Amino acid sequence: MTTTAYRTCPLCEAVCGLQLTIDQGRMVDVRGDHEDPFSRGFICPKGASLGSLDEDPNRLTTPLVNGKPATWAAAFAAVEAGLKDVPGPARAIYLGNPSVHNMGGSLYGGAVVRALGTRNVFSASTADQMPKHVSCGLMFGDPLAIPVPDLDRTDYLLMLGANPLESNGSLCTAPDFPGRLKALKKRGGRFVVVDPRRTRTAALADEHIFVRPGTDPYLLAGIAHTLFSESLVTVKVPVNGLDEVRAALAGFSPQTVAPVCGVPEDVIVRLAHELAAAPTAAVYGRIGTCTAEFGTVAQWLVDVLNVITGNLDRPGGAMFAMSATEGRPRRKPYAIGRWTSRVRGLPETNGELPVATLADEIETPGEGQVRALITVAGNPVMSAPNGPRLGEAFARLDFMVSVDPYLNETTRHAHVVLPPPRMLTAGHYDFALLTLAVRNYARYSPPILPLDGPSEGEILARLAMIASGQGADADPALLDELILGQLVTPEQRAQLNGANGAELRLDAMLRLGPYGDWNPSPRQGGTLSLKTLLDHPHGIDLGPLEPRIPDNLRTASGKVELAPEAIVSDLDRLRARLGGKAPEFVLIGRRHLRSNNSWLHGVGRLTGGTNRCTLQINPADVERLGLDGTAVVRSTAGELTVPLEPTDTIMPGVVSLPHGWSEASANVLTDDMVLDPVSGNAVFNGVPVLIGRPG
Ligand SMILES: Nc1nc2c(c(=O)[nH]1)N[C@H]1C(S)=C(S)[C@@H](COP(=O)(O)OP(=O)(O)OC[C@H]3O[C@@H](n4cnc5c(=O)[nH]c(N)nc54)[C@H](O)[C@@H]3O)O[C@H]1N2
Ligand SMILES: Nc1nc2c(c(=O)[nH]1)N[C@H]1C(S)=C(S)[C@@H](COP(=O)(O)OP(=O)(O)OC[C@H]3O[C@@H](n4cnc5c(=O)[nH]c(N)nc54)[C@H](O)[C@@H]3O)O[C@H]1N2
Ligand code: SF4
Ligand SMILES: [Mo]
């Protein structure tokens with residue numbers, strides 16, 4: 001007897017609804033859920049592989065203590081023993097990307113961080129989107145107030161450094177991103193891609209513009225400069241600092257920036273004219289522009305353009321979602337650099353330190369030297385800059401525990417590995433991703449199979465209780481009640497529904513949230529609760545995005561701060577590079593549809609296809625250097641020998657290697673000493689390299 005179940009795909013940011021056929025606990029068929037109002041049946045090869053991922057024989061099924069299978073009780077006891085003698089400041093935590101894609105990490109990761117009593121908090125965010133948090137934090141007062149392009153209504157989309165036809169989108173939750181782009185074109189809109197490679201997304205676009213890696217801020221500044229100098233600026237939201245921005249960008253005329261970014265002057269001017277003339281327009285920049293030396297400046301300029309073309313916060317422009325679990329507004333204005341890292345003195349952002357300095361903190365002796373590490377859902381040896389150095393540092397730790405279903409380059413250093421159970425035993429709700437959705441929407445997927453060990457939430461709750469000195473036997477339900485007690489009144493607590501702590505907390509957040517039945521002035525009738533979501537297994541459409549400014553601004557002025565000092569002052573560094581000599585080759589990354597960072601290439605049906613760890617290089621460069629088959633790539637950090645993939649889809653002088661592949665990890669070449677200084681973000685794009693023949 002088979003049963004049908006509905007579930008949100010946890011594998012990327014697109015949150016597609018899936019329809020699963022379950023036979024005796026196995027996913028025998030996975031397809032798109034046509035009744036999901038947001039994803040409408042869309043599915044990609046990764047989603048379709050969910051069954052083989054769930055049954056992957058390489059997944060750990062029991063905890064490991066010193067490499068050997070152990071009981072959960074023995075594993076938690078080993079964690080208690082390992083952390084006992086390490087004081088708070090000598091502990092560190094690294095939270096990886098999937099911790100945002102499951103309820104355990106989303107709801108209990110914070111408790112572990114607080115319980116550790118350390119400022120050594122690291123995550124994949126400083127290898128990814130920290131520049132966006134910082135620019136939004138400083139401009140809007142809230143690092144989580146991130147505008148997304150209103151994909152379904154915009155007339156004009158300028159996209160830089162993103163390839164949603166492979167990635168399915170990021171910091172822009174849009175199931176069937178490809179279909180939404182096609183619809184944009186079909187309704188007569190225009191769509192322009194800026195990328196050093198002619199990607200599948202670029203091929204779909206009306207226009208593709210090559211840009212030199214790392215130079216997007218020059219292009220964006222040139223566009224803004226044109227808008228100012230031709231009096232094409234329209235500002236429709238309350239702002240401070242418009243004149244400061246105009247003055248700060250004075251030195252970045254299209255004529256000045258064109259030779260640096262490689263985009264002709266007339267194209268820069270035309271882009272400005274097109275943005276200004278479009279009935280509605282949105283500028284969107286992603287990984288290619290974030291993980292670069294001027295990541296924060298680039299992200300800031302993206303939203304400066306959205307503001308000065310009158311497109312921020314209006315339908316068809318760049319808008320803010322209203323997620324169903326949005327909490328009470330933060331009170332203190334956003335600030336960065338509230339403390340600095342011990343070894344390199346790098347500023348904190350969002351309560352974290354740059355992952356690019358984790359190795360320093362482990363290697364460097366002195367008070368506060370990191371001796372114990374917890375990793376959750378991360379593989380920083382593969383994903384952080386200069387990954388191999390981090391691997392060597394991990395080997396020297398007194399104690400390391402990893403919460404992860406796989407043994408890999410990172411977790412193999414852990415004294416204790418705690419594997420989360422199969423995903424079908426967990427509920428699923430996308431707390432973070434739904435704050436970035438291009439339509440307001442909510443969907444909860446309850447567990448499908450019973451647990452036969454601790455859930456990921458329980459694993460993390462236990463780690464938190466051990467770290468705070470309550471011991472390995474403390475009851476994790478106490479932690480849930482503590483957190484619930486901070487959210488709801490005792491009367492409300494008595495009315496909450498939920499089969500476990502995670503569900504109870506979700507119910508509380510939904511009911512108190514913008515659409516909730518406990519919200520005094522709710523939206524959409526105010527009926528949302530866990531029960532309503534359980535009654536609607538395909539998800540609930542909460543309508544198109546609506547203007548939110550000024551209510552969602554958390555700046556001290558109550559206005560958009562267009563010229564934050566921390567960002568504007570970094571323009572000096574940008575200006576100083578104007579006359580510099582470009583390296584002969586620069587390295588960038590890329591993603592493939594059938595992959596997921598470091599951990600999905602090898603799973604069942606995802607192997608093969610276009611999924612290849614090759615170095616893309618322009619045929620003219622191959623010929624000029626007399627290369628054949630493979631090349632040696634050298635950087636300030638390391639050296640790799642990789643197979644070549646000559647293709648004219650990449651600019652001359654640029655080479656591209658995907659990250660996360662064990663056979664040739666791109667992060668052997670990336671340098672942990674080079675950062676975006678404003679956000680502390682790692683630099684993966686625009687890395688200077690030398691290319692040569694092997695031997
Ligand atoms: N050169 C280069 N480096 C990059 C990037 C790049 O473009 N170029 N991209 C960066 C980006 S955007 C990111 S987000 C980071 C990602 O960096 P990380 O998050 O450090 O790495 P991932 O490869 O995503 O590893 C995810 C880990 O989580 C485990 N996992 C999977 N599902 C679960 C789960 O449900 N629970 C738990 N506990 N574990 C789980 C997997 O086994 C794997 O070990 O990499 C960054 N590194
Ligand atoms: N299939 C698949 N999907 C994924 C992932 C995956 O590994 N595989 N990872 C997920 C994660 S963690 C994330 S963060 C998202 C990322 O999602 P995206 O931001 O869409 O990431 P990419 O597909 O790497 O596209 C980045 C593009 O930037 C270009 N680029 C590189 N350097 C520059 C530059 O200096 N300027 C400009 N303008 N462009 C540049 C690259 O050529 C590439 O085409 O994808 C998510 N989805
Ligand atoms: S696009 Fe993302 S969410 Fe949708 S099926 Fe593919 S991996 Fe899953
Ligand atoms: Mo990411």
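**Reading salt bridges and a domain contact**

Me: How is E584 classed by its relative accessibility?
Reply: E584 is partly exposed, at 45% relative accessibility, where buried means under 20% relative accessible area, exposed over 50% and partly exposed in between (1.4 Å probe, protein chains only). This is a predicted model, in which local features need pLDDT of at least 70 and side-chain atom pairs count only at pLDDT 80 or more, while totals for chains, interfaces and linings use all residues. Residues are numbered from 1 along each chain as its sequence is written, chains are lettered from A and ligands numbered from 1 in the order in which they are written, and side-chain values use heavy atoms, with hydrogens and water left out.

Me: Which residue does E584 meet in a salt bridge?
Reply: Side chains of opposite charge can pair when their charged atoms come close. Here E584 pairs with R624 at 3.0 Å, N to O, a salt bridge being a side-chain nitrogen of Lys or Arg within 4 Å of a carboxyl oxygen of Asp or Glu. Because R624 lies in helix 25 (residues 619-625) and E584 in the loop between helix 24 (571-576) and strand 21 (585-588), the pair ties together parts that are 40 residues apart in sequence. Helices (H or I, at least four residues) and strands (E, at least two) are DSSP runs, numbered from the N terminus.

Me: How far apart in the helix are E458 and R462?
Reply: These two residues both lie in helix 18 (residues 456-467), 4 residues apart, or about one turn of the helix, and their salt bridge has its closest N and O atoms 3.1 Å apart. E458 is partly exposed at 27% relative accessibility, whereas R462 is buried, with a relative accessible area of 18%. The whole structure holds 39 salt bridges, and R344, D360, E363, R389 and D672 are linked in a network of them.

Me: How much area do domain 1 and domain 2 bury between them?
Reply: The size of an interface is often given as the accessible area lost when the parts come together. Domain 1 and domain 2 bury about 1300 Å² between them, 58% of it on carbon and sulfur atoms, where buried area is the accessible area (1.4 Å probe) that two parts lose on being put together, summed over both. R7, P10 and D54 supply 45% of the area that domain 1 buries against domain 2, more than any other three residues. The domain bounds come from an automatic or database domain assignment.

Me: Which residue forms a salt bridge with D54?
Reply: R422 does, with the closest N and O atoms 2.5 Å apart, and the count between domain 1 and domain 2 is 1 salt bridge.
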